[in-house]
Amino acid sequence: MRIHEALANKQTFSVEVFPPKGDLPVEQALSMGRELAQLSPDFVSVTYSAGGSGNSENTVRVASALRRELGLTTCAHLTCAGTTVDQIDAFLAQLKEAGIHNVLALRGDRAPGQAKGDFAYASDLIRHIKEVSPGMSVGAACYFEGHVECEDFATSIEHLKMKCDAGADFLVSQLFFDNDLFLRFREAADRARIKTPVCCGVMPFTSVKQIQRMAFTCGATIPARVIKRLVAAGDDPAAMREAGVRYACEQLVGLAAEGVDGCHVYAMNRPDVARAAYDTLAGCGYLAR
């Protein structure tokens with residue numbers, strides 16, 4: 001299944017998994033995948049790290065195993081910062097051999113001292129993938145608050161339009177904690193004539209330190225209602241995790257009610273988080289199969 005085809009027919013539910021620190025053994029991935037398969041997600045995305053971190057091969061192995069052994073539709077992340085055309089083409093060839101027809105095309109973070117590479121922007125990567133792998137469903141990232149490197153929100157929307165014009169078939173958002181930001185983004189995208197379907201990415205908060213990191217690295221706004229829940233949870237890790245999952249589920253229900261194209265869960269390799277999100281959405285009458 002190609003992701004943009006699923007998005008054309010229904011509101012989708014999807015989950016991200018990641019090879020932590022460059023390594024997620026296939027057996028561990030399959031164990032996690034078996035639990036995810038019970039939820040019948042429309043797709044599972046598998047992250048990728050550039051700059052020599054070593055898990056690009058593992059991205060293909062994990063995505064291939066989940067597809068081959070469990071019948072899951074998988075989407076492999078691909079970053080282009082510091083990479084050459086030959087490296088990108090080799091990765092795409094691996095995806096084709098593994099029967100993977102979906103890729104999330106990202107620029108990725110630039111590492112200090114990293115070689116310039118052949119692709120300056122994600123839009124360049126998207127255009128190249130469309131040229132050399134015309135059957136691939138290509139996704140791109142979007143940022144409801146604007147990319148942290150853009151001087152303003154309008155510029156971020158302009159860059160997103162470039163990615164869509166380059167051939168992006170679907171979009172996956174960076175994490176966010178305030179649904180009003182999605183509504184603002186949707187209005188801006190409509191004005192820019194961006195018609196590409198959007199999967200809204202939601203991640204449960206797990207600690208004050210995590211929230212601080214997200215605010216600093218992703219530019220994520222932390223609304224007062226999140227801060228109040230952090231305070232209420234106090235120093236109890238279990239209470240903090242529960243509060244984070246509950247808030248994420250409430251976010252997803254609100255988004256589904258607004259008619260988003262897809263709900264995407266950054267589940268942090270925890271099937272129980274994906275299960276909680278799925279059960280909450282299904283219990284509210286969404287995720288019709």
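Tutor: Helices (H or I, at least four residues) and strands (E, at least two) are DSSP runs, numbered from the N terminus. This is a predicted model, in which local features need pLDDT of at least 70, side-chain atom pairs count only at pLDDT 80 or more, and totals for chains, interfaces and linings use all residues. Residues are numbered from 1 along each chain as its sequence is written, and side-chain values use heavy atoms, with hydrogens and water left out.

Student: Okay, so what do the strands build, and how many are there?

Tutor: They form a closed barrel of 8 strands, in the order β1-β2-β3-β4-β5-β6-β7-β8, with parallel pairing (two strands pair if DSSP finds at least two bridges between them). On average, neighbouring strands of this sheet are turned by 25° against each other, direction ignored.

Student: And how many bridges join β6 to β7?

Tutor: Strand β6, residues 170-173, is joined by 2 bridges to the parallel strand β7, residues 198-202, and Val172 has Cys199 in β7 as its bridge partner.

Student: Switching to helices, where does α6 lie?

Tutor: Helix α6, residues 153-166, lies across β5 (137-142) and β6, where contact means heavy atoms within 4.5 Å. Its direction is at about 180° to β5, with axes fitted to C-alpha atoms, for helices over the stretch in contact, and angles running from 0 to 180 degrees between N-to-C directions.

Student: How do α5 and α6 cross?

Tutor: The axis of α5, residues 122-132, comes within 8 Å of that of α6, and they cross at roughly 5°. The two helices are therefore roughly parallel to each other, a label for angles under 35 degrees.

Student: Which residues meet there?

Tutor: From α5, Ala122, Ser123, Ile126, Arg127 and Lys130 meet Met162, Lys163 and Ala166 of α6. These contact residues divide into 4 nonpolar, 1 polar and 3 charged, counting Ala, Val, Leu, Ile, Met, Phe, Trp, Tyr, Cys and Pro as nonpolar, Asp, Glu, Lys and Arg as charged, and the others, Gly among them, as polar.

Notes. Angles under 35 degrees count as roughly parallel, over 145 as roughly antiparallel, 65 to 115 as roughly perpendicular and the rest as oblique.
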